Amino acid sequence: MMSKFIIDHDLHLHSQLSLCSNDPEQTAKALLAYGERENLSHLCVTDHYWDENVPGASGWYAAQDFAHVTQILPLPQSERCRLHFGCEIDMDQFLTLGISEKMLNAFEFVIVPTSHLHMTGFTITPEDTSPARRAELYMQRNHALLDMDLPFERIGLAHFTCSLLAKGCTGSRDDILNAIPDADFAELFARIAKSGMGLELNMSLTDPQSADTMRPYRIAKSQGCKFYLGSDAHHPKALDAARARFEAVIDALELSEDDKFNPFV
């Protein structure tokens with residue numbers, strides 16, 4: 001019998017370099033201290049990044065180029081915990097991914113938030129406000145990512161069902177997710193499992209939400225997807241709550257070590 005999924009990593013962490021953090025206390029040393037405190041083996045710094053060699057960056061992303069995100073290097077290490085250099089990249093409304101083939105090898109792990117449907121004029125248009133349209137765009141973005149020639153063994157799908165799906169929408173996040181049939185999710189997750197890409201778990205089960213929020217993840221598990229943990233922490237206080245959130249999700253999905261995605265093997 002396979003053992004229960006062990007909390008030994010956090011692969012979605014922001015430092016002060018991410019403009020949505022800009023917290024002087026969110027340093028590489030503070031992240032490593034978090035890993036030591038929680039007995040984690042692998043952490044990954046995934047600051048927001050847009051490759052300056054790829055046209056189309058928003059003004060916010062343009063400032064977060066390679067010279068910017070590499071200010072955190074070299075990363076501190078310890079005997080117990082390894083801190084990896086990664087990034088969080090985006091996909092614009094034209095399905096352009098913000099990283100070139102050349103720069104993919106500059107990072108140990110790359111996460112992509114196809115759920116970033118809150119950047120009007122960049123990831124969506126002003127007309128993309130209905131739940132049905134958001135659901136259509138969401139699935140389109142996920143399939144477009146899978147159509148790309150990427151090293152999927154080092155790619156993670158970040159916060160797949162986060163609230164940013166519904167920002168500025170005429171309906172809720174659940175309205176968007178419920179507009180996607182089980183069969184469509186099953187087809188998508190079968191492709192994800194086949195690609196070898198990891199699926200991130202970081203939602204809080206204590207937030208007000210319907211039971212349907214877990215539906216995509218249960219379908220993903222049934223299709224053989226592999227999962228990793230990512231707190232998406234931007235500030236030190238968020239690190240304090242990470243383990244409890246991870247434990248709740250692992251228990252809810254009844255995950256074992258066989259369900260784990262590890263890009264560092």
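How do α7 and α8 lie to each other, roughly parallel or oblique? They are oblique to each other, since an angle under 35 degrees counts as roughly parallel, over 145 as roughly antiparallel, 65 to 115 as roughly perpendicular, and the rest as oblique. The model is predicted, so local features need pLDDT of at least 70 and side-chain atom pairs pLDDT 80 or more, while totals for chains, interfaces and linings use all residues. Residues are numbered from 1 along each chain as its sequence is written, and side-chain values use heavy atoms, with hydrogens and water left out.

Helix α7 covers residues 182-195 and helix α8 residues 215-222; they pack at an angle of about 50 degrees with their axes 9 Å apart. Helices here are DSSP runs of H or I with at least four residues, strands are E runs of at least two, and both are numbered from the N terminus. Axes are lines fitted to C-alpha atoms, for helices over the stretch in contact, and angles run from 0 to 180 degrees between N-to-C directions. The α7 and α8 crossing is right-handed; a crossing has this hand if the near helix is turned clockwise from the far one by less than a right angle, and is left-handed if anticlockwise. On the α7 side the contact (heavy atoms within 4.5 Å) uses D182, F185, A186 and F189, and on the α8 side R215, P216, I219 and A220. By class, the contact of α7 with α8 holds 6 nonpolar, no polar and 2 charged residues. Ala, Val, Leu, Ile, Met, Phe, Trp, Tyr, Cys and Pro count as nonpolar, Asp, Glu, Lys and Arg as charged, and the others, Gly among them, as polar.

Helix α7 also meets α5. The axes of α5 and α7 come within 10 Å and cross at roughly 25 degrees, and the two helices are therefore roughly parallel to each other. This crossing of α5 and α7 is left-handed. Y138, M139, N142, H143 and L146 of α5 make the contact with D184, F185, L188, R191, I192 and S195 of α7. Its residues divide into 6 nonpolar, 3 polar and 2 charged.

The largest nonpolar core has 71 residues, of which I99, F160, F185, F189 and L201 touch the most other members. Helix α5 (residues 131-146) gives the most to this core, with 6 residues. Such a core is a set of buried Ala, Val, Leu, Ile, Met, Phe, Trp, Tyr and Cys residues joined through side-chain atoms within 4.5 Å. Buried means under 20% relative accessible area, exposed over 50%, and partly exposed in between, with a 1.4 Å probe and protein chains only.

Residues up to four places away in sequence aside, F189 touches F160, L199, P216, I219, A220, Q223 and C225. A220, in helix α8, counts as buried because its relative accessibility is 0%. Beyond four places in sequence, A220 is in contact with F189, L199, C225 and F227.

The peptide bond from L73 to P74 is cis, with omega near 0 degrees; P74 is found in the loop between α3 (66-69) and β3 (82-88). N39, in the loop between α1 (28-37) and β2 (42-48), has phi near 55 degrees, a positive value in a residue other than glycine. With a relative accessible area of 47%, N39 is partly exposed. E254 is found in the segment after α10 and has a positive phi near 50 degrees; at 65% relative accessibility, E254 counts as exposed.
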